[in-house]
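I opened a notebook page for this model and looked up one feature after another. The entries follow in the order I made them.

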Amino acid sequence: MSNTNLFITEDEQDYILNGKYLEDFPGLQHFMHEPIFTIADLGIKPRDATYWDKNEILPELLGKGARRKYTLIQSVWIRLIVQFRRMDASIAVIKSFKEKLFDISIDLEKAFENPEILALMQKALEAQGIKADVKELLKKETTEGRSLTKSVGMLEGIILTTIALKKRIQFLVGLGGDYMPYSLDKHDYIINEIPKAKEFIEAPHYSISVWIAVLELMVKWQNETFFDDISLLSEEELKIIETIRKPNVKSIKVRLSNGEVSLIEKTVEEKLNPSTQVMDLIMRHGYQNIEIKTQNGKVVQYTNTVMEKIKGTK
């Protein structure tokens with residue numbers, strides 16, 4: 001792994017940079033930028049939202065209409081505010097951090113002409129762990145008719161890395177709002193390779209987790225109709241959630257192969273109609289193990305452990 005790849009490997013970089021993650025998370029990009037979620041969807045009280053809005057720490061509203069609606073990126077930011085407030089961080093610290101975090105939103109045409117902005121965008125890419133030349137990406141984005149101002153946003157890049165690669169990334173935020181992305185499993189590298197990182201970590205700071213913010217949204221949204229469409233989870237992970245939700249599921253086991261879900265083993269317990277034949281139970285599923293309880297010589301309950309191979313795995 002090169003020095004600029006702080007959080008991801010070269011294979012993971014290719015997975016993100018070339019859009020391969022969209023096969024596993026097809027709805028993610030849409031929800032990243034589409035204002036869909038209300039403040040209630042984020043578990044925030046209206047009076048808190050009003051107070052935060054007056055103090056300019058809520059994100060800018062997008063779209064039309066008076067009712068507040070936020071994108072997935074903005075939703076994660078709001079959950080980061082919640083983490084700050086749990087630690088009694090001042091509004092001033094949050095506001096300063098917000099201004100610095102979102103300060104890399106850059107107009108595409110100006111970026112072509114301004115070397116300082118190009119340097120800032122390059123720094124943002126490197127901070128996300130993406131080893132690429134920003135000028136080449138600008139050319140690619142222009143050719144494909146997309147805006148690079150969104151693709152290099154610091155928070156968006158870290159959210160994408162958190163969701164698609166399951167990386168546990170935090171922001172360490174100093175008392176003046178200065179910050180650095182951080183991951184515990186990269187601690188030694190950060191200390192030894194990033195200038196002044198050791199001094200920053202040893203100084204007073206807040207630690208807020210993008211990973212926890214995303215998990216809180218997942219828990220909040222898991223029973224909502226839009227949850228499956230957001231692609232916060234891969235198809236395999238959604239399959240696990242779907243299995244858990246099924247009635248009469250007593251337990252499940254998940255087997256992994258090379259870090260990916262390869263097999264779901266579920267145990268189902270059901271009461272049976274006396275007329276049900278044992279052969280019907282056996283033929284109903286590709287069973288792994290079946291236990292039958294009888295009463296007065298008749299089948300009354302069975303427990304069946306079914307193994308389901310996940311499509312695409314070997």
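**Entry 1: a loop residue.** I started with Ile194, which is found in the loop between α12 (187–193) and α13. Helices here are DSSP runs of H or I with at least four residues, strands are runs of E with at least two, and both are numbered from the N terminus. Ile194 is partly exposed, with a relative accessible area of 29%. I noted the cut-offs: buried means under 20% relative accessible area, exposed means over 50%, and partly exposed lies in between, with a 1.4 Å probe and protein chains only. I then asked which residues Ile194 touches, not counting residues up to four places away in sequence. They are Leu6 and Tyr189. Contact means heavy atoms within 4.5 Å. Leu6 and Ile194 are 188 residues apart along the chain, and their C-alpha atoms are separated by 9.7 Å.

**Entry 2: ground rules.** This is a predicted model, in which local features need pLDDT of at least 70, side-chain atom pairs count only at pLDDT 80 or more, and totals for chains, interfaces and linings use all residues. Residues are numbered from 1 along each chain as its sequence is written, and side-chain values use heavy atoms, with hydrogens and water left out.

**Entry 3: the whole protein.** I counted elements next. The protein has 17 helices and 7 strands. Of its 314 residues, 45% are buried. I also checked contacts between residues at least 6 apart in sequence: 62% of them join residues at least 24 apart.

**Entry 4: aromatic pairs.** The structure holds 11 aromatic pairs. Rings of Phe, Tyr and Trp (its six-membered ring) pair if their centres lie within 6.5 Å; planes under 30 degrees apart count as stacked, over 60 as edge-to-face and the rest as tilted. I picked Phe97 and Tyr179. Their ring centres are 5.3 Å apart and their planes stand at 75°, so the pair is edge-to-face. Phe97 lies in helix α6 (residues 91–101) and Tyr179 in strand β2 (residues 179–182), so this pair ties together parts that are 82 residues apart in sequence. Are the two partners buried or exposed? Phe97 counts as buried at 0% relative accessibility. Tyr179 counts as partly exposed at 21%. Both belong to one aromatic cluster, formed by Trp77, Phe84, Phe97, Phe102, Phe171, Tyr179 and Tyr206.

Entry 5: Phe171 took me to the strands. In β2, its bridge partner is Pro181. Strand β1 (residues 170–174) and β2 run antiparallel and are joined by 4 bridges. Two strands pair if DSSP finds at least two bridges between them. β1 and β2 form a hairpin with 4 residues between them. In the turn, Gly177 has a positive phi of about 95°.

**Entry 6: salt bridges.** How many salt bridges are there? The count comes to 7. The rule asks for a side-chain nitrogen of Lys or Arg within 4 Å of a carboxyl oxygen of Asp or Glu. I looked at these:

- Asp14 bridges to Lys20, with the closest N and O atoms 2.3 Å apart. Asp14 is partly exposed at 28%, and Lys20 is partly exposed at 39%.
- Glu56 and Lys95 meet at 2.9 Å, N to O. Glu56 lies in the loop between α4 (46–54) and α5 (72–86) and Lys95 in helix α6, so the bridge ties together parts that are 39 residues apart in sequence. Glu56 is partly exposed at 47%, and Lys95 counts as partly exposed at 27%.
- Glu202 and Lys198 meet at 2.6 Å, N to O. Both lie in helix α13 (residues 197–202), 4 residues apart, about one turn of the helix. Glu202 is exposed at 56%, whereas Lys198 counts as partly exposed at 40%.

Salt bridges that share partners also join Arg79, Arg86 and Glu216 into one network.

**Entry 7: a helix pair.** α5 and helix α14 (residues 210–221) pack at an angle of about 110°, with their axes 9 Å apart. Axes are lines fitted to C-alpha atoms, for helices over the stretch in contact, and angles run from 0 to 180 degrees between N-to-C directions. The two helices are therefore roughly perpendicular to each other. That label covers 65 to 115 degrees; under 35 counts as roughly parallel, over 145 as roughly antiparallel and the rest as oblique. On the α5 side the meeting residues include Ser75, Arg79 and Arg86. On the α14 side they include Glu216, Leu217 and Trp221.

**Entry 8: Ser75.** I ended on Ser75 in helix α5. Ser75 is buried, with a relative accessible area of 0%. Leaving aside its neighbours within four places in sequence, Ser75 is in contact with Phe37, Leu42, Tyr70, Leu217 and Trp221.
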